[in-house]
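Please examine the sequence and the model below before reading on. The paragraphs that follow then lead through the structure step by step.

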Amino acid sequence: MTTEYEDRIEKAARGLRKEISPERDLWPAINDAITTPQRSRWTPMLAQAAAVILLMGGASTITYMTVKSDVQPVTAVAPNLVFEQASFGNHNMGPGFQDARAGLAAELDAELARLSPQARADVGENLDIIHQAIVDIDTALAQDPGNTMLQQKLLQAYREELSMLRRVSTLTRNVMVRNDI
Amino acid sequence: MGALLTAQSSDYSQDMEIDEPGIAADEEVWIKRAQRADARAFEALYRLHVDKVYGLCLRMTGNVAEAEDCVQEAFIQAWNKMKKFRGDSAFSTWLHRVAVNTVLGRIRKSKRDQDRLQLVAEQQEAPVTMGDTGEMRDLAAAVDRLPEGARHVFVLNAVYGYSHNEAAGMLGIAVGTSKAQLHRAKRLLAQQLEAQGFEA
């Protein structure tokens with residue numbers, strides 16, 4: 001085996017065909033890909049951003065309310081609760097969820113009245129954020145109903161809302177206990 | 001590609017029945033139109049270059065299905081990057097670069113997917129559609145059996161005539177590595193082909 005033989009192989013390789021026709025026409029798939037408008041990534045990203053904001057907002061509200069002590073009873077109006085689509089794919093918000101939510105929502109005005117104006121404003125603001133997230137995710141889901149990530153985010157947003165309502169209820173009861181003492 | 005080009009489904013079908021000397025001028029027009037998102041002009045470019053791109057993808061992957069996917073992905077990439085083509089090199093060279101990047105990207109991805117491409121390549125005989133005959137067919141099959149790095153350098157350098165600088169640039173390797181891989185490829189080919197009685 002010599003270098004000369006290797007060089008002859010290299011020279012012979014220049015004779016290999018460089019242009020080969022594909023067995024089938026590959027253009028239609030390319031045409032589809034370049035002419036079909038791509039679905040905007042903005043809407044799902046917006047929904048994700050909203051979900052992140054609501055989680056951060058929820059956490060900061062709970063922290064704030066936990067350390068807040070100056071509580072004055074005042075009349076309050078609870079933010080309107082929204083209820084967008086809650087059944088899709090394999091997920092379904094059952095009657096139990098809806099009952100719990102309706103009960104907590106009915107108590108919300110009374111619970112909020114026990115909080116300070118600042119805490120009340122914070123709760124309202126954070127519930128608004130959650131509600132906006134629900135609306136945004138729901139809008140995104142309308143365009144892409146099969147998107148599992150969005151479905152999960154929507155369920156998570158509803159759970160966050162329920163969790164916040166429960167925490168408001170728990171916090172005001174704790175405040176009452178401390179005031180009684 | 002023969003002396004005449006024919007489009008299958010476009011208003012360019014008249015324009016595309018052209019003689020070879022006119023291709024370069026037409027290509028320039030198609031490029032400018034494709035850069036303005038004219039899909040039919042891009043189809044004309046596809047028809048003009050698909051055999052070269054497919055040949056390169058087939059030689060580099062050694063697999064018909066992968067080569068077809070690479071061609072489609074490469075042309076979609078090319079469409080998305082059309083505005084970046086400044087004419088510093090020939091359009092075919094630019095397209096080859098896009099195709100090589102596509103092949104390498106798919107190989108990297110398939111390596112993450114448990115070396116699927118390499119396994120497929122190892123299991124398959126040399127594609128019968130390569131169009132090589134006689135001893136050249138043996139040579140093509142031997143090239144297919146080369147290890148990936150050596151095969152890529154050999155195809156770009158020895159088959160397509162790119163310099164080591166160009167091949168190294170396309171493959172993202174050092175020039176010295178390109179030279180070493182070519183040497184390795186030639187040695188491995190010589191071992192294989194000599195055993196088969198190949199008369200180079």
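A nonpolar core is a set of buried Ala, Val, Leu, Ile, Met, Phe, Trp, Tyr and Cys residues joined through C-beta atoms within 7 Å. A residue is buried if 20 or more other C-beta atoms, placed from the backbone, lie within 10 Å of its own. The model is predicted: local features need pLDDT of at least 70 and side-chain atom pairs count only at pLDDT 80 or more, while totals for chains, interfaces and linings use all residues. Residues are numbered from 1 along each chain as its sequence is written, and chains are lettered from A, with ligands numbered from 1, in the order in which they are written.

The largest nonpolar core has 59 residues, and Val53(B), Cys57(B), Val71(B), Ala99(B) and Phe154(B) touch the most other members. With 13 residues, α3(B) gives the most to this core; helices are DSSP runs of H or I with at least four residues, and strands are runs of E with at least two, numbered from the N terminus. Because domain 1 (17-124) and domain 2 (132-200) of chain B both contribute residues, the core lies between them; the domain bounds come from an automatic or database domain assignment. Apart from this core lies another, of 24 residues, including Ala47(A) and Leu112(A).

Chain A holds 6 helices and 2 strands, in the order α-α-α-β-β-α-α-α from the N terminus. Of its 181 residues, 27% count as buried.

Where the chains meet, 37 residues come from chain B and 27 residues from chain A; two residues are in contact if their C-beta atoms lie within 7 Å. On the side of chain B that touches chain A, α3(B) gives the most, with 9 residues.

Notes
A residue is buried if 20 or more other C-beta atoms lie within 10 Å of its own, exposed if 12 or fewer, and partly exposed in between; C-beta atoms are placed from the backbone.
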